[in-house]
Structure formats: C-alpha cells, structure tokens
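Please read them alongside the coordinates.

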Amino acid sequence: MLLLITSCKKDDLIVNGLVPVYFDALDFSEIDSQEPRAIIKQGKFVKVGNFLFVNDIKIGIHVIDNTNPNQPEYVYFWRIPGNQNFTIEGSFLYADNGPHLLVINIEDYANIQFVKYIENTFYENLLEQFPDEPAEYFECPDPSKGLVKYWKRAEIVNPTCLKI
C-alpha cells in the first residue's frame with residue numbers, strides 16, 4: 001500500500017475496478033479432483049447415471065451425487081482453469097480450458113487424470129477476455145501474461161480500459 005501511495009502523482013486517477021488474474025493454458029498441473037465447494041458462477045450441466053456435473057465458469061466442474069434427488073450431495077470439485085464447456089463419454093471428460101480441447105480420464109472421480117490436449121481448438125474462447133460483471137474501469141488484459149482466469153476487484157492507477 002505504501003508503494004502505491006508513494007508511486008502515485010498528484011494528478012493520477014485512482015479508481016476501484018477489475019484486474020485480471022491469469023493462468024497459462026499450457027500448464028495442466030492444476031487439473032485435479034478436490035473437496036466439494038460452493039458454485040460461484042454456474043454454467044452448463046450434464047447428467048450421467050445418478051451424477052450431475054455442473055460447470056463453474058472458468059474454474060472447473062462440480063460433481064454431484066443425485067441418487068436421492070431430494071438431497072443431492074456435492075462429492076467432488078474438478079479444478080480445470082479456464083473451463084466453460086464439457087461433455088462426458090464413458091470414462092473420459094472432454095473439456096476446454098479456454099483455447100484447447102482437453103481429454104481427462106475420470107474413471108476414478110476422486111483422482112482425475114489429464115491425458116492429452118488438442119491445441120487451439122476453441123479460438124473463439126480467446127475473444128472472451130473481458131469482464132462480464134459490472135465495472136466502469138478495468139485493467140486491460142495482457143496476452144503476454146496468459147489467459148484471464150477470473151477478475152478481482154482492486155484499485156487501479158490511471159486505467160486505460162473503460163467499459164461503456
């Protein structure tokens with residue numbers, strides 16, 4: 001905070017806005033199975049047998065045991081940074097992580113395994129690099145830092161991007 005105060009000039013514009021948090025779409029080490037968690041931004045869902053798989057946009061997929069529809073049980077969260085779309089065929093999950101098609105072995109829901117990827121399958125996902133939540137100001141995305149994983153609120157000095 002002290003650095004921010006000392007580095008600002010008298011006529012700098014300091015505003016509250018959104019800044020991107022990045023990830024490397026070629027780093028598959030974060031793909032794993034974790035403890036269940038709350039859904040932040042629900043996307044599509046797929047039903048397979050007694051299970052529901054619910055996308056949490058750009059974060060991953062929630063695995064829900066729906067054996068008793070009156071009491072669905074969140075059992076796992078599959079972290080897949082950048083994920084927005086997926087389908088399941090047998091023991092394999094086919095999902096995007098932004099630009100790439102990923103193949104993930106889900107035979108053991110508690111221990112999913114990245115198998116391979118097909119590069120740049122979803123070029124249109126690269127165009128979705130701007131915040132969709134309300135914010136007048138935001139920090140312009142920098143492709144050299146990776147893809148936008150999510151946006152967080154922060155103070156921005158002299159923002160160059162404005163949502164109109």
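Which cysteine does a disulfide join to cysteine 140?

1. The partner is cysteine 161, with an S to S separation of 1.6 Å. A disulfide here is a pair of cysteine sulfur atoms within 2.5 Å, and a search of the whole structure finds 1. The link is right-handed, with 110 degrees about the S-S bond. Cysteine 140 sits in the loop between strand 11 (137-138) and strand 12, and cysteine 161 in strand 13, 21 residues apart. Strands are DSSP runs (E, at least two residues), numbered from the N terminus. Cysteine 161 is buried at 12% relative accessibility, whereas cysteine 140 is partly exposed at 27%. Buried means under 20% relative accessible area, exposed over 50%, and partly exposed in between, using a 1.4 Å probe and protein chains only.

2. On the basis of these values: this is a predicted model, in which local features need pLDDT of at least 70 and side-chain atom pairs count only at pLDDT 80 or more, while totals for chains, interfaces and linings use all residues. Residues are numbered from 1 along each chain as its sequence is written, and side-chain values use heavy atoms, with hydrogens and water left out.

3. Leucine 162 also belongs to strand 13 (residues 161-162). Its relative accessibility is 45%, so leucine 162 counts as partly exposed. Not counting residues up to four places away in sequence, leucine 162 touches Glu136, Tyr137 and Phe138; contact means heavy atoms within 4.5 Å. From leucine 162 to glutamate 136 the C-alpha to C-alpha distance is 5.9 Å, across 26 residues of sequence.

4. The structure holds 2 salt bridges, each defined as a side-chain nitrogen of Lys or Arg within 4 Å of a carboxyl oxygen of Asp or Glu. In one, lysine 149 pairs with glutamate 30, and the closest N and O atoms are 3.2 Å apart. Lysine 149 lies in strand 12 (residues 147-157) and glutamate 30 in the loop between strand 1 (14-23) and strand 2 (32-34), so the pair links distant parts of the chain, 119 residues apart. Glutamate 30 is partly exposed, at 25% relative accessible area.

5. Arginine 79 and aspartate 32 form a salt bridge at 2.9 Å, N to O. Because arginine 79 is in strand 6 (residues 73-79) and aspartate 32 in strand 2, the pair ties together parts 47 residues apart in sequence. Arginine 79 is partly exposed at 24% relative accessibility, and aspartate 32 is partly exposed at 23%.

6. The largest nonpolar core has 16 residues, and Trp78, Phe86, Leu93 and Ile104 have the most contacts inside it. Such a core is a set of buried Ala, Val, Leu, Ile, Met, Phe, Trp, Tyr and Cys residues joined through side-chain atoms within 4.5 Å. Strand 5 (60-65), strand 7 (86-89), strand 8 (92-96) and strand 9 (101-105) each give it two or more residues. Apart from this core lies another, of 6 residues, including Leu18, Phe138, Val148 and Trp151.

7. An open sheet of 4 strands runs in the order 7-8-9-10 with antiparallel pairing. Strands pair if DSSP finds at least two bridges between them. Strand 7 and strand 10 (113-118) are the edge strands, each pairing on one side only. Strand 9 and strand 10 pair over 5 bridges, and isoleucine 104 has phenylalanine 114 in strand 10 as its bridge partner.
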